Each structure stands twice: as structure tokens, then as C-alpha cells.
Amino acid sequence: MIELKNISLSFREKVILKDVSFRIEDTLTTVIVGPSGAGKSSILKIIAGLWKPDSGEIFFNGINVYHMSESEYQTMRKKIGIVFQSNALFDSLSVTENILYFLPERKSLTVSELNEKAERLLNFVNMDGTGDLYPEELSGGMKKRIAIARALAFNPDLILFDEPTTGLDPLNSASIIELIEKLKENGTTSVVVSHILNDVVELGEQIIVINDGLVVESGSIEKIMTSDEPFVNKFFYQLSKHNYIMKSNYNMYELINV
Amino acid sequence: MAQFKNMIYGFEEFGFIVRDLLLGIKTIKYNWDETLTEMYLIGSKALPLVLLGGLFAGVILAIETGHQLKLFGATSLISRTVSLGMVRELGPVVTGLLLAARTGAKNSSEIGAMKLSDQIDALTAFGFNPVHKLVLPRTVAALIMFLPLTLIADITGILGGMLIAKQTFQIEIAWFWDTAINALKMKDLFVGFAKPFFFAFFISTISCYFGLKTKGGTTGLGKNTINAVVYSSIVILILDFIFTKIVWEVL
């Protein structure tokens with residue numbers, strides 16, 4: 001379980017996050033949603049330990065990591081995988097090398113053991129037989145799946161996704177969503193940052209709405225959709241107008257207009 | 001005022017990178033593959049550039065000084081001028097400036113592109129220090145490769161000078177080499193061979209620093225690549241001035 005308490009962040013004079021607090025429960029998929037520039041990705045980078053907030057506390061399974069040194073934080077990082085919006089694959093490395101590059105046990109395993117691990121991960125993300133390709137030879141959706149495989153190489157307890165479906169066509173988006181759902185079945189907790197309504201509906205078991213560096217609403221999809229908060233109503237109404245939701249048991253447009 | 005503040009921030013950030021680099025020196029054993037790759041890119045790939053740069057520096061030095069010395073009937077001093085000029089000044093500086101352009105631009109643009117595509121964040125997120133993984137191998141590779149490249153520039157420069165001395169000023173090759181080598185004292189060699197280490201360190205750290213602080217998309221990348229080359233070149237000239245001053249006034 002992760003808990004953020006009163007997190008504030010600013011860069012020089014620009015305030016990014018103001019007193020942000022929420023909890024991420026184990027095995028639940030949490031979606032952090034909000035407009036561009038609201039501070040969603042900043043939260044992800046704080047959880048991943050890439051940025052240190054100006055104030056507040058961060059708890060990982062009850063341990064306060066805010067005052068941890070960089071080297072102490074390294075141990076914590078091994079439990080967290082991250083999939084960047086840009087995928088952040090290394091252009092000069094093949095798919096297999098990208099997946100295995102960060103493994104701490106890379107030096108101790110044999111070549112066949114490493115290849116077996118890479119093949120297993122590629123199979124999990126439905127990318128069998130692509131190990132020798134280079135990132136420039138892959139489509140956007142394929143790159144995203146490789147980035148997920150790389151994040152999984154550590155067997156992390158938590159995976160952070162920054163805008164996982166942005167820029168992908170509907171079929172690729174659906175396959176990424178399926179992958180995130182598959183991770184949940186394996187007991188991995190996911191935190192997804194998105195501004196796409198489909199991601200919120202399909203994945204969100206817990207939703208946190210951010211606007212202008214503040215948490216304006218949080219809870220289940222039903223709670224969010226029936227919120228009295230004017231920003232939440234306006235934001236989701238605007239999103240629904242631009243998204244055609246393909247899910248049999250949900251019709252967001254109707255839900256909003258109830 | 002804002003510019004002054006930014007400059008102070010810049011020095012602070014550069015200081016942190018140098019500190020991380022020095023503290024992480026032991027991690028080089030985990031990054032030998034990257035270091036060897038960088039040595040190849042800095043060394044063998046830059047060799048034609050250094051050969052040409054050194055050769056023409058020596059040729060120009062011999063022509064310019066030869067014509068002046070001819071006025072006093074002292075063309076026999078060309079060899080001495082060329083060897084001292086190449087080993088102490090032109091060899092290291094020409095090599096430094098050429099490598100500031102080539103290696104500096106390469107470091108800054110590569111790391112900058114990695115920064116823009118979140119690869120630097122990925123390194124950190126997966127438990128690596130980007131300074132240890134990217135800056136250290138490049139700096140060690142530069143420290144190893146700059147001295148041999150400078151030596152090559154020195155030798156080709158003296159060879160170029162010898163050709164001009166023979167063809168234009170009718171100086172015997174044996175005489176040229178004899179006086180060229182005898183002119184060099186230990187302090188000349190010390191200065192000429194110490195400079196490349198300092199140049200290598202600053203070219204590498206300055207260019208990596210500009211790469212790591214890249215932001216603002218492709219415009220920012222271009223701007224920081226220019227800054228990396230410009231600042232590295234300026235630092236080379238300043239360091240060269242300091243060394244020259246020390247040679248003449250202290251040693």
C-alpha cells in the first residue's frame with residue numbers, strides 16, 4: 001500500500017502540486033485522471049522516486065520514504081516498475097537487451113537463462129519472436145508492450161503507467177488495457193495516469209481526479225460520475241463527448257447524462 | 001538578475017555532476033563495455049580529423065614562422081619553432097578544439113535526446129545513477145584517448161612542418177629532426193602531455209552536463225548542443241592560457 005500525505009511540489013516559482021494526499025491500495029488499479037498540466041505525471045515521478053517533493057510524506061507499506069537517501073531508495077525502486085509515456089526504450093539496444101538491461105542479476109545468470117527470461121516476458125506481452133528487433137522497427141503499440149515487458153523484468157509489486165494509451169489506435173489501446181488487466185490477475189498493483197476516459201472506465205477501480213495540482217475528487221467510478229464537484233462534471237462531460245466508449249456493461253455518456 | 005541566478009544554478013548543477021562522477025569512480029568496473037565503445041567512438045572515429053588538424057596546424061606554423069625567420073636568415077630555427085609550438089600549444093589546443101566540436105556535440109546531443117525521450121528517467125527509475133552510467137564511461141574514455149590523439153596531432157604537425165621546411169626553405173630532414181627533438185625540454189613535454197587530461201575532463205563533463213539539462217524539445221536540444229561546444233571550446237582556451245602562464249612564470 002502506498003500513501004501520499006500532504007505532498008507539495010514546485011519548480012522555482014511554479015507550483016505543481018498543492019497538499020496532495022491519497023492512498024493506493026494493494027492489487028487495485030488506480031487511475032489518476034485530469035487535464036494536461038494538472039500534475040498527474042509529477043505524482044507518478046514522485047512515487048517512482050524520480051522527483052523529491054518540497055514537503056509531505058510518502059509511505060510504502062507503512063515505511064516513510066520521504067527522508068530516505070538516494071541509496072536507501074534504490075531498494076524501494078526494485079519493487080516499482082514504470083512505463084513511460086514515451087516508452088523510453090534504448091534505441092541502440094535490441095528488444096531483448098532492452099528488457100534485460102536493467103536486471104540486477106544480469107551478470108550472474110547464464111545467456112540461456114537470460115534469453116529464457118526475455119522470451120517469457122515477450123510471451124506475456126504477446127510479442128514472441130521480436131527479441132532481435134530494434135525499437136525503430138516497432139510500431140507505437142509494440143514499443144509500449146516492450147516497455148511493459150521491461151518494467152515486469154524486475155517482478156515489481158507496483159507498476160506505474162504514464163499515459164499508456166495516448167497516441168495509440170483503438171485496437172492497440174485495447175490490447176494495452178488487456179495487458180494491464182492481466183497484470184491485476186497476477187496480483188500486481190497498477191497506477192495509471194491518463195486523460196482518456198476509456199482508460200478510466202476500463203481500468204479504474206479507484207480514481208483520483210487532479211486539477212491544477214489539487215486532488216478534487218477520489219473514489220470509485222460511480223462516485224466520480226455522481227460527484228457534485230463542478231470541475232469533475234465538466235471534465236468528464238467534455239471527455240465523454242470526444243470518446244466513443246466500447247464496453248457492454250457501461251455507457252458513460254448515459255451515466256453522465258442521468 | 002535572472003540570468004545571473006541561472007548561471008549560479010548552472011554552476012551548482014555542474015558541481016553536483018562532477019561530485020557524483022568522482023564519488024562513483026568505482027562503478028567504472030560495471031561499465032567497461034560502454035567505456036570501450038566510447039573509446040572506439042572518440043579514438044578511432046576521430047583519428048582522420050586529428051590527423052588532418054595536426055598536419056595543417058604544423059604546415060601553417062612552418063610557413064608563417066619560416067617567412068618571418070627568413071628575413072633574419074634564421075630559417076634553421078623553423079624546426080625548433082614547429083616542434084615547441086606543436087607539442088606545447090597547437091597539438092593539444094587543435095586536438096582539444098576538434099574534439100570539443102566532435103565529442104562534445106556527440107555527448108550533448110546523445111544524452112540530450114535520451115533526456116527528452118525519458119531514457120534518463122528510466123535509468124534512474126530502474127536503479128541506475130545516470131552520471132555513473134553515461135557521464136563516467138564518456139569521461140574515462142576521453143581521459144584515455146585524448147593523450148594518444150594529441151601525440152598523433154603533434155607528430156603529424158611536426159611532419160607537416162618538416163615537409164614545408166624541406167620544400168620551401170631547403171632545410172635538410174636530418175637537421176630538422178635533430179634540432180626539433182633537441183629543442184624539447186622536460187617541462188615542454190610535461191605541459192603538452194598534461195593539457196589533454198584537463199581538456200578531456202572538461203569537454204566530457206561540460207558536454208554531458210548540457211545533455212543532462214536538456215529541455216524544450218528539439219530547439220532545446222540544438223541550443224544545448226551549441227552551448228556544449230561553445231563552452232567546452234572557451235574552457236580549453238582558458239585552461240591553455242593558465243598552463244602557458246604557469247610554464248613561463250612558475251616552472
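How many residue pairs are in polar contact across the interface of chain A and chain B?

**Entry 1: ground rules**

I am looking at a predicted model, where local features need pLDDT of at least 70, side-chain atom pairs count only at pLDDT 80 or more, and totals for chains, interfaces and linings use all residues. Residues are numbered from 1 along each chain as its sequence is written, chains are lettered from A and ligands numbered from 1 in the order in which they are written, and side-chain values use heavy atoms, with hydrogens and water left out.

**Entry 2: the interface**

My opening question has its answer: the rule finds 5 residue pairs in polar contact between chain A and chain B, both residues at pLDDT 80 or more. A polar contact is a pair of N or O atoms within 3.5 Å; within protein, one must be able to donate a hydrogen and the other to accept it, and residues adjacent in sequence count only if both atoms are side-chain atoms.

Next I asked which elements of chain A supply at least two residues each to the side that touches chain B. They are helix 2 (70-77), strand 6 (80-83) and helix 5 (140-152). Helix 2 of chain A gives the most, with 3 residues. Helices (H or I, at least four residues) and strands (E, at least two) are DSSP runs, numbered from the N terminus.

I then looked up the contacts, meaning heavy atoms within 4.5 Å. On chain A, 23 residues are in contact with 18 residues of chain B. The two chains bury about 1,700 Å² between them, and 57% of that is on carbon and sulfur atoms. Buried area here is the accessible area (1.4 Å probe) that two parts lose on being put together, summed over both.

I found 1 salt bridge between chain A and chain B. In it the side chains of B:Asp121 and A:Lys45 meet at 3.2 Å, N to O. The rule asks for a side-chain nitrogen of Lys or Arg within 4 Å of a carboxyl oxygen of Asp or Glu.

**Entry 3: two residues of helix 5 in chain B**

I stopped at B:Thr124, which is in helix 5 (residues 119-125) of chain B. Is B:Thr124 buried or exposed? It is buried, because its relative accessible area is 15% and buried means under 20%, exposed over 50% and partly exposed in between (1.4 Å probe, protein chains only). Not counting residues up to four places away in sequence, B:Thr124 touches A:Leu50, A:Glu70, A:Arg77 and B:Pro130. A polar atom of its side chain lies 3.1 Å from the backbone oxygen of B:Ile120.

B:Ile120 counts as buried at 6% relative accessibility. Leaving aside neighbours within four places in sequence, its contacts include B:Met114, B:Leu134 and B:Leu212. The C-alpha atoms of B:Ile120 and B:Leu212 are separated by 8.0 Å, although the residues are 92 apart along the chain.

**Entry 4: chain B as a whole**

I counted 9 helices and 0 strands in chain B. Its C-alpha atoms fill a box of roughly 70 × 45 × 35 Å, taken along the principal axes. Of its 251 residues, 51% are buried. Among contacts in chain B with a separation of 6 or more, 85% are between residues 24 or more positions apart.

**Entry 5: rings**

Rings of Phe, Tyr and Trp (its six-membered ring) pair if their centres lie within 6.5 Å; planes under 30 degrees apart count as stacked, over 60 as edge-to-face and the rest as tilted.

Why is the pair of B:Phe14 and B:Tyr209 edge-to-face? The ring centres are 5.8 Å apart and the planes stand at 85 degrees, so that label applies. B:Phe14 lies in helix 1 (residues 2-23) and B:Tyr209 in helix 8 (residues 186-212) of chain B, so the pair ties together parts that are 195 residues apart in sequence. B:Phe14 is buried at 18% relative accessible area, and B:Tyr209 is buried at 7%. Together with B:Phe210 and B:Tyr231, they form one aromatic cluster.
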